[in-house]
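Colleague: Could you walk me through this structure? I am new to reading models, so please take it slowly.

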Amino acid sequence: MTTESWKNQLNIPTKDSRPQTDDVVGSKDATFESFNLKRELLMGLFEAGFEKPSPIQEEAIPIALMGRDILARAKNGTGKTGAFVIPTLEKIKPKVDKIQALILVPTRELALQTAHVVKTFSRHMGLQVMVTTGGTSLRDDIVRLHDPVHVLVGSPGRVLDLAARGIAKLDSCNMFVMDEADKMLSPEFQNIVEQILLFLPYKNSPNGKIKDYQTLLFSATFPRTVEAFMKKHLYKPYEINLMDELTLKGITQYYAFVDEKQKLHCLNTLFSKLQINQAIIFCNSANRVELLAKKITELDYSCYYSHSRMKQADRNKVFHEFRQGRVRNLVCTDLLTRGIDIQAVNVVINFDFPKNAETYLHRIGRSGRFGHYGLAINLINWNDRFSLYQIEQELGTEIKPIPANIDESLYVVQEPSTVPRPFKANVRHQQDQQEQPDQ
């Protein structure tokens, strides 16, 4: 069967016609076919709407396919997930019923999203993908692992628990991936990650035991803890750094200087003036999230909220409903700042301004996904003025005063129907059935 004939039989979605910035448009004229990927994997990529690799994918995929360890830095929303999922799936042997790849992520929501990407890309490969996180039924995970699993996606605590119990057997796991590596190697997780590595395969050498698995580390920022981990656990890693600038090129940033008491009124004005497709609104505490969500609802705007104190089942429901486009606004804490990819979000509002550049970078990266255009609006009070200046200096960016009228071409999609939706209704129903934890 020729390339064109099998392509013609695919269920390829409507082309995303939104303009893109050059930080996600590949410069090497590479195609996914040029990587010599399995046809079944290519089928999954094309049916997911992937057309050409982004720069991080152009750089990382060929090197990963060679078997090299990788340390990669790239901006949020530029295709990092595809850069590690695609070579990982290429190396999986479907007929070997063992865990062959472990992908660690810091949050439950990101684990669900990453697992969905893996399932979507591998839909024609006959692979079994499992997601496991804290806050869900351990018993269900134990039962699930009695059946074959090829790719395990999870948060560190639960993966370590399953490995230590001998339930998740990682001795055939030849691919180890960490997304948001800076967070994964923070004091909160590093000791757990180090313990997980002990369950991965090793082989004997004249110099003692050496690792027998490939490591891929991806993130937007790499503090010194990552460098120390790299020197200890990676073998001659290939380093990729596409961080010529820290903020996404498609995001226009503004601030509005308002008193605390005027913030809600300012937010109401923004809602009435902006052409919002979907918006994420960040607060600095769970209490303020719930209070603001209540106020927004009272203003007669559709709104959900999410924070870490909620039950996991409720967080899952909010996450799926928002991704499906059932509600326009989501108020949350920094729970959703890392890696969450919702293409329809074109506005991010910092109702409470973050205290550091790293948090700011991850927050505004929720809009302008994959090189498309978006707005980041910051509500600033007198106490935030030093943080604003510091963040501008650290990121080398300019946050401008908000004008009376914002040019719609900076963030408005002319054809909303072309914005990719992550779940079809039947897929979402299956996802809920598979991943809904016990109450």
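Colleague: What is the mean pLDDT of the protein chain?

Modeller: This is a predicted model, and the mean pLDDT of the protein chain is 83, with 84% of its residues reaching 70 or more.

Colleague: And where is confidence lowest, and where is it highest?

Modeller: Confidence is lowest in helix 16, residues 425-435, where the mean is 38, and highest in strand 2, residues 101-104, where it is 97. Over residues 417-439 the pLDDT is below 50, and this stretch has 58 contacts in the model beyond near neighbours in sequence. Where pLDDT is low, the predicted coordinates should not be read in detail.

Colleague: OK, let's move to helix 11. Which of its residues are buried?

Modeller: In helix 11, which covers residues 263-273, the buried residues are Lys 263, Cys 266, Leu 267, Leu 270 and Phe 271. Their directions cover an arc of only 145° around the axis, which means that they sit on the same side of helix 11. An α-helix has 3.6 residues a turn, so residues three or four places apart point the same way.

Colleague: What is exposed on the other side of helix 11, and what do the buried residues pack against?

Modeller: On the other side of helix 11, the exposed residues are His 265, Ser 272 and Lys 273. The buried residues pack against several elements, among them strand 10 (251-257), helix 12 (286-298) and strand 15 (374-380).

Colleague: How far apart are the end C-alpha atoms of helix 13?

Modeller: The end C-alpha atoms of helix 13, residues 312-323, are 16 Å apart, which agrees with the 16 Å that its 12 residues should span at 1.5 Å a residue. After helix 13 comes Gly 325, which has a positive phi near 85°.

Colleague: New topic: what does UniProt list for residues 30-58?

Modeller: An unreviewed UniProt entry lists residues 30-58 as "domain: DEAD-box RNA helicase Q". In the model, the chain over residues 30-58 is 45% helix and 0% strand, and its end C-alpha atoms are 7 Å apart.

Colleague: How many aromatic pairs does the structure hold?

Modeller: The structure holds 8 aromatic pairs. One of them is a tilted pair between Phe 32 and Phe 50, at 6.2 Å centre to centre and with 50° between the planes. Phe 32 lies in the loop between helix 1 and helix 2, whereas Phe 50 lies in the loop between helix 2 and helix 3, 18 residues apart. Together with Phe 35 and Phe 121, Phe 32 and Phe 50 form one aromatic cluster.

Colleague: Is Phe 32 buried or exposed, and what about Phe 50?

Modeller: Phe 32 counts as buried because its relative accessibility is 0%, while Phe 50, with a relative accessible area of 25%, is partly exposed.

Colleague: Last one: what is phi of Glu 180, and what is phi of Lys 236?

Modeller: Phi of Glu 180 is near 50°, a positive value in a residue other than glycine, and phi of Lys 236 is near 40°, again positive in a residue other than glycine. Glu 180, in the loop between strand 5 and helix 8, is buried with a relative accessible area of 1%. Lys 236, in the loop between helix 10 and strand 9, counts as exposed at 58% relative accessibility.

Methods. Residues are numbered from 1 along each chain as its sequence is written. This is a predicted model: local features need pLDDT of at least 70, side-chain atom pairs count only at pLDDT 80 or more; totals for chains, interfaces and linings use all residues. Side-chain values use heavy atoms; hydrogens and water are left out. pLDDT is the predictor's confidence in each residue, from 0 to 100. Helices (H or I, at least four residues) and strands (E, at least two) are DSSP runs, numbered from the N terminus. Contact means heavy atoms within 4.5 Å. Buried means under 20% relative accessible area, exposed over 50%, partly exposed in between (1.4 Å probe, protein chains only). The arc is that of the directions from the helix axis to the C-beta atoms. The expected span of a helix is 1.5 Å times one less than its number of residues. UniProt positions are given in the numbering used here, feature names are shortened, and annotations may be inferred rather than shown by experiment. Rings of Phe, Tyr and Trp (its six-membered ring) pair if their centres lie within 6.5 Å; planes under 30 degrees apart count as stacked, over 60 as edge-to-face and the rest as tilted.
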